[in-house]
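These are my notebook entries on one structure. I wrote down what I looked up, in the order I looked.

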Amino acid sequence: MSRSLVDLHCHILPGIDDGAKTIEDSAALLQQELKDGVAGIVFTPHFYYERTTPALFVENRKQAFRQVANYAKQNKLPLAAKLGAEVYFTRVLPTLELSHLAFAGTRYILIELPTTHHPGGIEDTLFEICQQGYTPILAHVERYPYVTEDPTLLYNWVSSGVLAQINASGLLRGGPGARLLHKYMGWNLVHLICSDAHSMAHRPPNLRAAYDLLPQAVAHDFSRNAVNVFLGRDFTPPEPQKPVYRLGRWV
Ligand SMILES: [Fe+2]
């Protein structure tokens with residue numbers, strides 16, 4: 001229980017997306033993160049290009065963060081926090097002011113892909129973002145049916161320098177989904193685990209429980225990677241291995 005964790009994906013800021021609605025909700029989520037041993041958090045409210053502008057998003061996020069910062073200060077929470085976003089995929093992403101959307105003080109940017117369909121232009125868009133000196137982190141890669149069906153997609157993205165994140169709940173749920181995530185780990189196709197916490201009732205902070213399920217070496221790597229991302233440090237992940245479809249399954 002001594003290891004400090006870093007959560008790079010959560011919806012704890014109040015009243016800004018489908019996560020915490022009030023500062024009381026935020027407080028409960030923060031307290032649970034602390035109980036889990038989380039020492040660093042990036043707040044990542046949803047950003048949808050079609051619904052807002054980066055400038056307006058930044059303003060709303062600042063106001064929401066002010067409430068949480070006040071709460072943390074008044075209650076002397078031992079927590080390092082910074083601002084980020086979960087940016088919904090759009091092909092125009094490379095034309096936006098990415099510095100507003102990346103994790104503060106870093107070149108890491110969390111990107112969510114559609115769960116309903118495989119959007120065209122992922123490779124080109126990710127490439128252009130990388131060309132601008134940012135490292136995309138693909139959010140909860142276990143949630144995209146087209147990746148589950150064909151994990152070589154993930155292999156291609158990771159091979160091009162993209163990082164991949166899984167949700168703690170994907171492991172904790174068990175079953176075939178969790179078994180596939182363990183395969184991803186074996187293929188070096190995933191690098192980070194986060195809570196994606198939204199509410200105490202439905203999607204609570206759960207990072208510690210998921211870390212406890214990881215093989216020790218993987219837990220160590222994920223923890224170190226999360227610290228590196230939080231601090232804005234570059235790091236070189238291990239070489240990914242290309243999954244091969246053989247006798248009805250990916251090996
Ligand atoms: Fe999220």
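**Entry 1: Ile111 and its partners**

I began with Ile111, which stands opposite Leu138 in β7. On the other pairing I looked up, Ile111 in β6 is the bridge partner of Val87. Strands here are DSSP runs of E with at least two residues, helices are runs of H or I with at least four, and both are numbered from the N terminus. I note that this is a predicted model, in which local features need pLDDT of at least 70 and side-chain atom pairs count only at pLDDT 80 or more, while totals for chains, interfaces and linings use all residues. Residues are numbered from 1 along each chain as its sequence is written.

**Entry 2: strand β6**

I asked how many of the five residues of β6 are buried. Five of five are, so I wrote down the strand, residues 108-112, as mostly covered; a residue is buried if 20 or more other C-beta atoms, placed from the backbone, lie within 10 Å of its own, exposed if 12 or fewer, and partly exposed in between. Tyr108, Leu110 and Glu112 point one way from β6, and Ile109 and Ile111 point the other way.

I then checked the neighbours. Strand β5 (residues 86-88) runs parallel to β6 and is joined to it by three bridges; Glu86 stands opposite Leu110. Four bridges join β6 to β7 (residues 135-138), again parallel, and Tyr108 stands opposite Thr135 there. Between these two strands comes helix α3 (residues 122-131), and β6, α3 and β7 make a right-handed β-α-β unit. Right-handed means that, with the strands pointing away from the viewer, the path from the first strand over the helix to the second runs clockwise.

β7 pairs with β8 (residues 163-167) in the parallel sense over two bridges, and Ile137 has Leu163 as its bridge partner in β8. Two strands count as paired if DSSP finds at least two bridges between them. The open sheet has six strands in the order β3-β5-β6-β7-β8-β9, with parallel pairing. β3 (46-47) and β9 stand at the edges with a single partner strand each, so one side of each has no neighbour in the sheet. Helix α9 packs on this sheet, touching β6 and β9, and its direction makes about 80° with that of β9. Contact means C-beta atoms, placed from the backbone, within 7 Å. Axes are lines fitted to C-alpha atoms, for helices over the stretch in contact, and angles run from 0 to 180 degrees between N-to-C directions.

**Entry 3: the three-stranded sheet**

I found an open sheet of three strands in the order β1-β2-β4, with parallel pairing. Its edge strands are β1 (5-7) and β4 (80-83), each pairing on one side only. Neighbouring strands of this sheet are turned by 15° against each other on average, direction ignored. Three bridges join β1 to β2 (residues 38-43), and Asp7 stands opposite Ile41 in β2. Helix α9 (residues 216-231) turns up again here: it lies across β1 and β2, at about 55° to β1.

**Entry 4: the core**

Which residues of the largest nonpolar core touch the most other members? I listed Ile12, Ile109, Ile137, Leu138, Ala164 and Leu192, out of 68 residues. Such a core is a set of buried Ala, Val, Leu, Ile, Met, Phe, Trp, Tyr and Cys residues joined through C-beta atoms within 7 Å. Leaving aside neighbours within four places in sequence, Ala164 is in contact with Leu138, Val141, Leu154, Val158, Leu189, Val190 and His191.

**Entry 5: two positive phi values**

Most residues other than glycine have a negative phi. I looked up two residues with positive values. Asp196 has a phi near 50° and lies in the loop between β9 (192-194) and α8 (207-213). Leu247, with about 50°, is in the loop between β10 (245-246) and β11 (249-250). Is each buried or exposed? Asp196 counts as buried because it has 27 C-beta neighbours inside 10 Å, whereas Leu247 is exposed, with 5 other C-beta atoms within 10 Å.

**Entry 6: the whole chain**

I counted nine helices and eleven strands in the protein chain. Buried residues make up 40% of its 251 residues. The C-alpha trace spans about 60 × 45 × 30 Å along its principal axes.

Notes:
Contact = placed C-beta atoms within 7 Å.
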